[in-house]
Amino acid sequence: MAKRKRATEYAIVDIETTGGNARGSRMTEIAIIIHDGTNELERWESLINPEKDIPYYIFALTGINNEMVKDAPVFGDLAPAVYALLKDRVFVAHNVNFDYSFIKHQLEEEGYEWAAPKLCTVRMARKIRPGLPSYSLGRLCDSLDVPITDRHRAGGDATATAILFHKLLDWDTDKIIEGMIKKSAPDQRLPPNLAPEYVQQLPQCPGVYYFHNDAGKAIYVGKAVNLKKRVIQHFTGHNINPQRQHFLREIHSISFEPCATELMALLLECIEIKRLWPAYNRALKRFEPKYGIFRYTAMNGYEYLAIGKLAKGQPSIAVFNREYDGVKMLRTLAETYQLDFRFCKFGKASYIKHMIDMPEEEELPDMQEHNEKVDLAIAGWHEQQPSFAILDKGRAAGEQSCIWVERGHFYAMGYIDEQVQFTTFEDLRAMLKRYYGNHYMMQLIHLHAAKHPAKVKSLIPQHKAAETYVLPERAGLLF
């Protein structure tokens with residue numbers, strides 16, 4: 001006779017811990033209520049010795065102190081019972097990823113491989129009873145007339161969660177919960193405070209996405225080749241890193257800006273991180289150059305060129321990731337324009353003495369003549385910097401994208417209707433959005449230009465002083 005399949009059962013769980021993340025904290029109490037969707041079948045709870053001190057602020061919140069848990073079993077002694085209660089059941093908790101991450105991590109430490117379909121009563125309540133002022137357990141219970149006692153203790157919170165769960169099951173006439181417990185359901189991987197509609201609206205194209213907190217402030221900005229796919233990747237996998245756990249809990253909404261190409265998405269990401277300075281962006285904040293070439297006038301009236309470390313907002317002639325590159329450029333300028341090396345400050349790097357032959361002590365050059373040479377050297381450097389446009393596909397048919405570089409600096413980018421006719425390329429530039437770039441963004445642009453030379457159109461200044469440009473071959477470019 002075939003074994004009868006057990007009806008769906010739920011393990012409704014609450015835990016108390018020494019801190020906010022599974023990697024650096026431990027459980028101090030656990031309560032598990034087994035429910036069949038109609039009735040409570042079993043209840044089990046225990047204090048746990050976390051084998052570390054309980055911080056005072058946790059004691060103030062939960063009332064659990066070191067004295068209470070010193071004779072309690074360690075989790076290793078409880079692991080067989082916990083595993084048996086959770087196995088083959090749907091895992092239910094309020095803000096489910098928090099409880100799930102602790103239990104999964106500590107079970108894995110004891111050698112148990114366990115995974116379960118999850119239900120979050122925060123997300124359930126948002127779907128079945130939308131529009132409530134708050135979905136924290138205490139406020140939610142107040143709004144829905146759910147009795148709650150022993151707040152911030154595992155047994156009390158688990159009991160309130162079980163009553164809330166039962167009410168939500170009864171109110172769920174549209175079978176929302178049934179869809180949520182399917183392992184393939186997209187809700188399973190979303191942060192508790194993020195409505196699925198924000199992910200569903202994302203297009204599958206390049207662009208920049210923004211994660212916002214409950215106040216609407218951007219806390220993370222990212223770029224993507226495929227916006228929907230990249231955003232979903234943030235929510236997959238089991239990662240107990242505390243920063244990631246805090247990050248996911250803070251995400252309340254998503255906005256996005258489609259881009260025509262990956263390069264435009266990369267540039268816009270850099271621009272937006274610099275503008276918004278989101279709390280959870282780390283990598284691109286470190287890509288600023290460290291060194292620059294500076295010009296200054298000494299008290300004796302002579303102009304000097306010097307290599308030095310960049311300070312925020314400090315103007316410079318050119319910037320570099322490495323001091324070595326700055327030394328090479330300054331040496332080239334000095335040799336090209338016959339500058340006296342005594343007016344070039346090359347820094348303190350140990351290799352400089354092998355690169356620079358300093359002149360013997362001799363009479364200083366004429367000050368006016370020397371200063372004019374410095375002016376020529378700086379002007380020559382700027383004139384050597386390329387001006388070009390990168391033209392590529394648009395976001396839709398009938399549109400082209402354009403990235404405009406002027407004298408070595410990222411100047412503007414945007415989109416042009418292919419039907420629009422231009423009499424001058426200043427008209428084209430005027431249709432683009434003005435931006436201010438940085439050294440890292442120009443590295444991205446140069447790498448792309450080297451890889452796709454057919455998309456690059458050089459802009460030749462008509463004369464040195466004016467910002468008026470022509471193309472060497474205009475025909476067939478845009479129109």
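Q: Why is Arg43 called partly exposed?
A: Its relative accessibility is 37%. Buried means under 20% relative accessible area, exposed over 50%, and partly exposed lies in between (1.4 Å probe, protein chains only). Therefore Arg43 counts as partly exposed. The model is predicted: local features need pLDDT of at least 70, side-chain atom pairs count only at pLDDT 80 or more, and totals for chains, interfaces and linings use all residues. Residues are numbered from 1 along each chain as its sequence is written, and side-chain values use heavy atoms, leaving out hydrogens and water.

Q: What makes Glu40 and Arg43 a salt bridge?
A: The closest N and O atoms of Glu40 and Arg43 are 3.3 Å apart. A salt bridge needs a side-chain nitrogen of Lys or Arg within 4 Å of a carboxyl oxygen of Asp or Glu. Glu40, at 42% relative accessibility, is partly exposed.

Q: Is Glu67 buried or exposed?
A: Glu67 has a relative accessible area of 55%, so Glu67 is exposed. Its salt-bridge partner is Lys70, with the closest N and O atoms 3.1 Å apart. Lys70 is partly exposed, at 47% relative accessibility.

Q: Why does Glu399 count as buried?
A: Because its relative accessibility is 18%. Glu399 forms a salt bridge with Arg395, the closest N and O atoms being 2.9 Å apart. Arg395 stands at 45% and counts as partly exposed.
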